[in-house]
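User: Please take a close look at the aromatic pairing in this model. Then set it against the rest of the chain.

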Amino acid sequence: MSSATWRNVFTYNKYTQIAARALRASLKEEERLVAEKRGLTILRYQRWENGQGGPQTYLVPPAEPDAAKKSAAV
């Protein structure tokens with residue numbers, strides 16, 4: 001059995017998605033919640049007219065971050 005057997009079943013993106021889900025599921029509750037929040041994507045779009053970009057609009061506006069909370073990354 002080859003180490004690349006998974007490539008016959010699904011794409012690399014699907015493989016990484018499965019691996020990330022398994023890793024998050026193995027974490028303790030508090031760390032798992034933090035990791036799941038990092039996985040959320042913020043999507044915004046911008047309408048262009050006559051070569052000029054308009055204002056950027058969030059598809060789903062992000063929640064206001066608390067000033068007291070600090071990121072784990074320093």
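Analyst: There is one aromatic pair in the structure. It joins Y12 and Y15: the ring centres are 6.3 Å apart and the planes meet at 35 degrees, so the pair is tilted. Rings of Phe, Tyr and Trp (its six-membered ring) pair if their centres lie within 6.5 Å; planes under 30 degrees apart count as stacked, over 60 as edge-to-face and the rest as tilted. In general, the distance of the centres and the angle of the planes describe a pair of aromatic rings.

A word on the basis. This is a predicted model, in which local features need pLDDT of at least 70 and side-chain atom pairs count only at pLDDT 80 or more, while totals for chains, interfaces and linings use all residues. Residues are numbered from 1 along each chain as its sequence is written, and side-chain values use heavy atoms, with hydrogens and water left out.

Both tyrosines, Y12 and Y15, sit in helix α1 (residues 12-26). They are three residues apart, about one turn of the helix. Helices (H or I, at least four residues) and strands (E, at least two) are DSSP runs, numbered from the N terminus. Y12 counts as exposed, at 53% relative accessibility. Y15 is partly exposed, at 34%. Here buried means under 20% relative accessible area, exposed over 50%, and partly exposed in between (1.4 Å probe, protein chains only).

Now the whole chain. It has two helices and two strands. From the N terminus the order is α-α-β-β. Of its 74 residues, 4% count as buried. The chain exposes about 7300 Å², and carbon and sulfur atoms supply 55% of that. Accessible areas come from the Shrake-Rupley method with a 1.4 Å probe; for residues, only the protein chains shown count as cover.

Next, the strands. Strand β1 (residues 44-49) and β2 pair in the antiparallel sense over five bridges. Two strands pair if DSSP finds at least two bridges between them. E49 stands opposite Q52 in β2. The two strands, β1 and β2, form a hairpin with two residues between them. In the turn, N50 has a positive phi of about 55 degrees.

P55 is exposed, with a relative accessible area of 71%. Leaving out residues up to four places away in sequence, P55 touches Y45 and Q46. Contact means heavy atoms within 4.5 Å. P55 and Y45 are 10 residues apart in sequence, and 8.5 Å apart in space, C-alpha to C-alpha.
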